[in-house]
Amino acid sequence: MSSKSSVWYSLLAVIAGLLLGAILFIPFNANPLESYRTMFGAAFFTLEGLGTTFTRATPLIFIGLGTVVAWKSGFFYLGFQGSLYIGAVGATLVALSARSGHLLAGAPAVIVFASSLFVSFLFGGAWALIVAGLKIRFGGNVVLLSLMFNYVAIYFVNYLVTRPLRAVGSLPQTERFPEKAILPRLLGERNDLHLGFIVALVAVGAVLYIMRFTKKGYEFVALGLNERASIYAGINAGRVMLQAAFLSGGLGALAGWSQVLGVQYRLLDGLDQVTGFEGIVTALLGGLNALGVVVASILYGGLANGAQVMQRRTDIPSSVALMIQGIIVLLVLTGPQVQQRVAAWRSRHIARTESTGDIGS
Amino acid sequence: MVANDGVSLLVVPASIHAVVGENGAGKSTLMNVLYGMTVPDEGEILVDDEPCRFRGPQDAIKRRIGMVHQDFLVVPRFTVVETITLGLRAGVGTRSLFRTDFVGASKQIRDISERFGLEVDPNATVSSLSVGEQQRVEIVKLLFRDADVLILDEPTGVLTPQEAEVFFAVLKLLKQGGKSVLVITHKLNEVLDHTDEVTVMRAGRDVMHVMTAETTPQELAQAMVGERPFVSFQREQSATRETVLKVCKIDLTDERGVQRLRSVSLNIGAGEILGIAGVDGNGQSELAEVIAGTLLPNSGEVLIGNHSLNGLSVARRRRLGMAYIPADRRAVGSINELSISLNTVLGRIFNYVGNLGFIRRRLMRVHSEELITKYEIRAPSSEFIAGNLSGGNLQKLILGRELMESPLVIVFEQPTRGLDIRATDFVRQTILNQRSRGASILLISADLDEVLMLSDRIAVMFDGEIVGEMKNENLDTRKIGLLMAGVRQ
């Protein structure tokens with residue numbers, strides 16, 4: 001199956017998902033076409049809406065990229081929620097140290113920016129490294145380990161914002177970050193779009209480059225496809241898996257980095273419940289391909305954004321959009337099976353017509 | 001291909017009957033026919049003089065024939081009694097339609113255990129059992145189903161020597177209990193010490209049938225190996241040259257504590273082929289992996305020239321001039337999902353890293369296209385997916401890749417297994433060309449003809465040990481046959 005045909009299939013699945021989703025508007029006495037126009041218009045056809053869509057897509061892109069790297073290397077990491085939280089902690093520590101009277105108080109904004117990126121990546125990478133190390137050293141199930149580590153990260157943040165980093169006030173959260181630690185808005189104050197989106201696009205380029213054009217990427221893919229053959233070929237399976245884990249955990253951490261520095265401006269309890277898993281879904285929707293991740297994340301971010309606008313303007317709850325998202329995901333993920341059946345049916349059909357042709361001649 | 005050609009086999013009650021033969025002699029096919037896994041084209045099976053048609057194992061079980069495979073399939077988390085009753089109709093031993101009576105079944109299992117000396121605890125978890133104990137569970141499973149004929153495929157292959165002793169004691173009790181036991185094996189000592197009758201198979205035929213007491217190991221070995229037609233490739237005589245690959249006293253124990261290699265030592269000179277003869281599973285692949293560096297031995301040393309390879313990674317060994325053509329082309333030798341060109345650089349990717357860490361794709365493509373031309377690999381382009389190549393073409397790709405940089409030492413493991421005649425000839429000619437070039441070659445093959453045809457010297461492996469080494473001149477093939485079966489003069 002060529003990748004070209006699977007792109008077409010995904011597109012078809014999205015359209016089919018939207019058509020099926022149209023039924024969901026009927027109980028609300030809404031015109032599906034009208035509702036879709038509201039949704040997509042708000043998400044994609046105004047500059048402000050597009051800014052919000054891209055902002056929502058940003059953490060999804062980071063998690064999606066992390067998923068691509070980890071899963072392609074045969075490291076089935078599900079701990080992106082944890083990496084996101086730990087990455088947010090890293091970013092928070094740097095941002096808070098830019099307050100007056102702290103370590104980076106005198107540093108220019110660009111230094112604060114660079115060090116927040118670096119520390120956040122390092123924290124998230126190290127977090128995933130623990131899981132990979134445990135797996136390599138003691139065996140065990142990466143899926144289970146990484147899911148459990150999510151809880152550790154979530155409650156660690158909960159502890160930080162209720163105790164040592166808690167700001168004065170009634171809410172469990174840190175102080176607002178100083179202005180120079182915050183990611184600048186790109187299109188003015190009224191548009192959500194911030195610098196994190198550009199960083200996400202740079203990360204897409206980096207992942208594309210690493211996976212497709214470097215020795216390391218080749219080793220990742222080889223290990224993911226066939227561990228025995230990789231070891232036979234002299235690839236140090238343990239070390240390469242650690243490297244993949246570090247890279248993917250670091251990318252996942254940048255989702256937390258972009259959320260706290262670009263959207264929330266502080267670390268708070270329950271900072272992001274869904275992105276760590278939705279990012280995995282967008283990676284799968286995008287066919288575990290870095291460019292596919294961008295498209296899927298923007299679609300996902302757009303649907304979520306449009307749904308909220310729709311809910312605000314009409315009576316239709318935004319959960320309708322969530323259901324449509326679910327339908328699309330199901331259709332895209334069953335794609336390979338459907339494609340196989342279509343191919344099998346087609347070859348049978350061709351064989352039949354050919355054999356009857358033989359009889360005729 | 002005809003796997004079994006007019007084979008007859010008579011199994012009498014209360015006896016232990018061995019079926020012996022080389023790899024590919026048709027033993028397993030015959031047993032699969034008996035157990036209903038394969039439907040024969042011709043011929044019939046009679047149980048108590050009644051003709052039977054087996055369409056599946058369940059038909060065979062109904063006629064009280066049961067089989068234990070070489071690798072038994074178990075559910076690790078089940079208890080013994082659950083394993084044994086698995087697949088039986090619920091309500092066995094009870095009046096209930098839906099519930100299995102585990103208590104009753106456990107009692108029955110204990111009875112069987114006692115009667116035949118098969119010690120098993122019905123409530124133990126399967127994952128906590130040793131392989132020997134798991135095998136006993138499998139045998140009890142057959143007895144639980146009232147089997148009168150028990151087929152055991154290479155039963156001692158996975159056992160430690162102590163476990164094997166216990167196993168043969170059990171066989172004796174089974175025989176005394178009136179059961180017929182069919183043992184497939186290649187170990188002649190076991191045959192001579194523990195069985196009543198022997199059937200020897202060779203090339204799909206039953207070439208000999210005798211009472212064990214009336215035969216000698218020499219006679220059996222000759223029947224197994226047969227008269228070898230003289231086949232020869234053209235090759236020049238090799239002069240004695242300096243040793244390149246040296247293997248010194250390698251010991252290897254696997255994770256279960258079974259010793260796989262016992263003090264294996266070898267020397268191979270430049271331009272020399274050392275062939276390892278032996279039945280599959282006697283430590284040959286482990287030896288290859290120890291040399292290649294994918295398995296670490298417990299003790300001993302491998303050297304290329306004066307360089308010790310101890311502690312060197314696979315990648316370092318490759319750079320020192322080591323090449324390895326593994327037995328499993330699809331699972332180990334290549335990555336099926338990747339293109340020919342990406343498979344061409346497998347294990348040699350470090351040669352293709354350019355500026356900024358970019359892979360030099362053009363160079364990669366040029367090299368893989370050279371390979372396609374030189375080795376006549378039938379593929380539309382270098383971007384063709386390697387897994388879609390035929391076995392012969394894939395093997396050519398692996399050969400070409402491994403030999404590209406004129407390695408000093410080459411390990412060939414089952415290089416022609418499953419290939420057609422043309423591809424086989426091509427591979428053998430390639431091996432001889434490498435010899436002329438001056439490479440030191442270790443040739444591991446379960447195909448004795450191949451070993452005899454290509455080797456300068458032959459070493460025979462049995463049970464992890466080199467049991468004999470000789471020059472390939474005026475050889476007595478019977479002697480090799482005996483050694484392969486574990487009989488030493």
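Colleague: Before we go on, how should I read the numbering and the model itself?

Modeller: Residues are numbered from 1 along each chain as its sequence is written, while chains are lettered from A and ligands numbered from 1 in the order in which they are written. The model is predicted, so that local features need a pLDDT of at least 70 and side-chain atom pairs count only at pLDDT 80 or more, whereas totals for chains, interfaces and linings use all residues.

Colleague: How many residues lie between the strands in the hairpin of E17(B) and E18(B)?

Modeller: Two residues lie between them, and in this hairpin Asp463(B) takes a positive phi near 55 degrees. On another partner, E17(B) is joined by four bridges to strand E11 (residues 272-277) of chain B, and these two strands run parallel; Ile276(B) stands opposite Ala459(B) there.

Colleague: How many of the six residues of strand E17 of chain B are buried?

Modeller: A residue is buried if 20 or more other C-beta atoms lie within 10 Å of its own, exposed if 12 or fewer do, and partly exposed in between, with the C-beta atoms placed from the backbone. For strand E17 (residues 457-462) of chain B the count is five of six, which leaves the strand mostly covered.

Colleague: In what order do the six strands of the open sheet in chain B stand?

Modeller: The order is E4-E5-E6-E1-E7-E8 in chain B, with mixed pairing. Strand E4 (65-68) and strand E8 (205-211) of chain B are at the edges, each with a single partner strand, so one side of each has no neighbour in the sheet. On average, neighbouring strands of this sheet are turned by 20 degrees against each other, direction ignored. Within the sheet, strand E1 (residues 15-20) and strand E7 (residues 197-202) of chain B pair in the parallel sense over four bridges, and Val19(B) stands opposite Thr199(B) in E7(B). Helix H8 (residues 217-225) of chain B packs on the sheet, where it touches E1, E7 and E8 of chain B, and its direction makes about 30 degrees with that of E7(B).

Colleague: At what angle do H8(B) and helix H17 of chain B pack?

Modeller: Two packed helices are described by the angle between their axes and the distance between the axes. Axes are lines fitted to C-alpha atoms, for helices over the stretch in contact, and angles run from 0 to 180 degrees between N-to-C directions. For H8(B) and helix H17 (residues 477-484) of chain B, the angle is about 105 degrees and the axes are 8 Å apart. That makes H8(B) roughly perpendicular to H17(B), a class that covers angles of 65 to 115 degrees, with under 35 counted as roughly parallel, over 145 as roughly antiparallel and the rest as oblique. Among the residues of H8(B) that meet H17(B) are Pro217(B) and Val225(B), and Leu482(B) is one of those on the H17(B) side.

Colleague: How many residues of chain A are in contact with chain B?

Modeller: Two residues are in contact if their C-beta atoms, placed from the backbone, lie within 7 Å. By that reading, 14 residues of chain A are in contact with 20 residues of chain B. Helix H8 (215-225) and helix H9 (227-232) of chain A are the elements that give two or more residues to the side of chain A that touches chain B.

Colleague: How many helices and strands does chain A have?

Modeller: Chain A has 14 helices and zero strands, and buried residues make up 48% of its 361 residues.

How values were computed: Two strands pair if DSSP finds at least two bridges between them.
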